[in-house]
Amino acid sequence: MSESQPARPAESQPARPAESQPARPAESQPARSAVFQPARPAGFQPARFQRARSAGAKQQREEAILAAAARLGAERGIRRITLTDIADAVGLHKSAMLRYFETREQIFLRLTADGWREWSAALRQELGRLGPGVPAVTVARAFAGSLADRPMFCDLLAQAPLNLERNVSIESVRAFKLVTLDEVSAISAELHRVLGLTEQQSVDVIATATSLAGALWQMATPGPEVAALYRSDPRLAHAVVEVGPRLTRVLTALLAGLGVSQEEPPPV
């Protein structure tokens, strides 16, 4: 009978070893990275600077870079502005700037060319209001005043031969020089009409005005510590330079040496 068979003790059944449980297939374990990288929708593009592809977009980007460089240069001085500063101002990486300009110096050389065009147009407009035979000081004031009113252009005039023309391609230098030659020729025509100067005399007057304006502006804008020194010591008062008045005196003397009258012409 069944009851005559004693029950087998539970302990007589050996426990199934843990290693006998089959390991979970590796492919069923989700990769850790999948937890932290949710799926992106179709067409998703990470936020980044979009390269200008059309000619119009490229021109707009170049104009934005030039405007940022001009603003920074006017605020802090050309020497203190780096390519990284300009890149940060327009939201570009420094390496991306090289798609539009070959160097920092090319950016500022372009601004110098633009400055020549703008200053030349303003000066010629002022000279155009003068009749022939005006005294030397009248023309000298027109030159000096128009330059003193453009401090960043004066800064660029000083930096161009010292630095800007030295770290750009030959073609960039050629383009810049052709712009200045065109503007010098246009100003020379006005000087010939008003004062009767020859072409060479006119070139000398323009070269003196622009080179001296650049140098005087550097002297007139020393660092804060040096400026405080000039103000604190009366013996250094001569070092405080006013660009307009000094440039007017120098140009008046130069024009007088070229035979330009110092007096107003008699009324007609």
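## Exercises on an all-helix model

In helix α8, E190 and R193 sit three residues apart, about one turn of the helix. Helices (H or I, at least four residues) and strands (E, at least two) are DSSP runs, numbered from the N terminus.

This is a predicted model, in which local features need pLDDT of at least 70 and side-chain atom pairs count only at pLDDT 80 or more, while totals for chains, interfaces and linings use all residues. Residues are numbered from 1 along each chain as its sequence is written, and side-chain values use heavy atoms, with hydrogens and water left out.

**Task.** Find what links E190 and R193, and decide whether each one is buried or partly exposed.

**Solution.** 
- Begin with the spacing: an α-helix has 3.6 residues a turn, so residues three or four places apart point the same way.
- Next, look at the charges: side chains of opposite charge can pair when their charged atoms come close.
- Now check the distance. The closest N and O atoms of E190 and R193 are 2.9 Å apart, and the two form a salt bridge. The term means a side-chain nitrogen of Lys or Arg within 4 Å of a carboxyl oxygen of Asp or Glu.
- Finish with exposure. Buried means under 20% relative accessible area, exposed over 50%, and partly exposed in between (1.4 Å probe, protein chains only). E190 has 18%, so E190 is buried, whereas R193 has 33% and is therefore partly exposed.

**Task.** How many salt bridges does the whole structure hold, and where do E165 and K177 lie?

**Solution.** 
- A search of the whole structure gives 10 salt bridges.
- One of them joins E165 and K177, with the closest N and O atoms 3.2 Å apart. This pair links distant parts of the chain: E165 is in the loop between α7 and α8, and K177, 12 residues away, is in helix α8. K177 counts as partly exposed because its relative accessibility is 37%.
- Another pairs the side chains of R76 and D85 at 3.1 Å, N to O. R76 is partly exposed at 35%, and D85 is partly exposed at 21%.

### The whole fold

**Solution.** 
- Last, look at contacts, meaning heavy atoms within 4.5 Å. Among contacts between residues at least 6 apart in sequence, 73% join residues at least 24 apart.

### Inside the core

**Task.** Which residues touch the most other members of the largest nonpolar core, and which helix gives the most to this core?

**Solution.** 
- Start from the term: a nonpolar core is a set of buried Ala, Val, Leu, Ile, Met, Phe, Trp, Tyr and Cys residues joined through side-chain atoms within 4.5 Å.
- The largest core has 62 residues, and V139, F143 and L191 touch the most other members. Helix α5 (residues 104-128) gives the most, with nine residues.
- Zoom in on F143. Leaving aside neighbours within four places in sequence, its contacts include W119, L123, I187 and L191.

**Solution.** 
- The T210 side chain reaches the backbone oxygen of I206 at 2.9 Å. Beyond four places in sequence, T210 is in contact with W116, W119, L147 and L157.
- Leaving aside neighbours within four places in sequence, L212 is in contact with A207, L247 and V250.

Notes
Polar contact = N/O pair within 3.5 Å; in protein donor to acceptor, adjacent residues only side chain to side chain.
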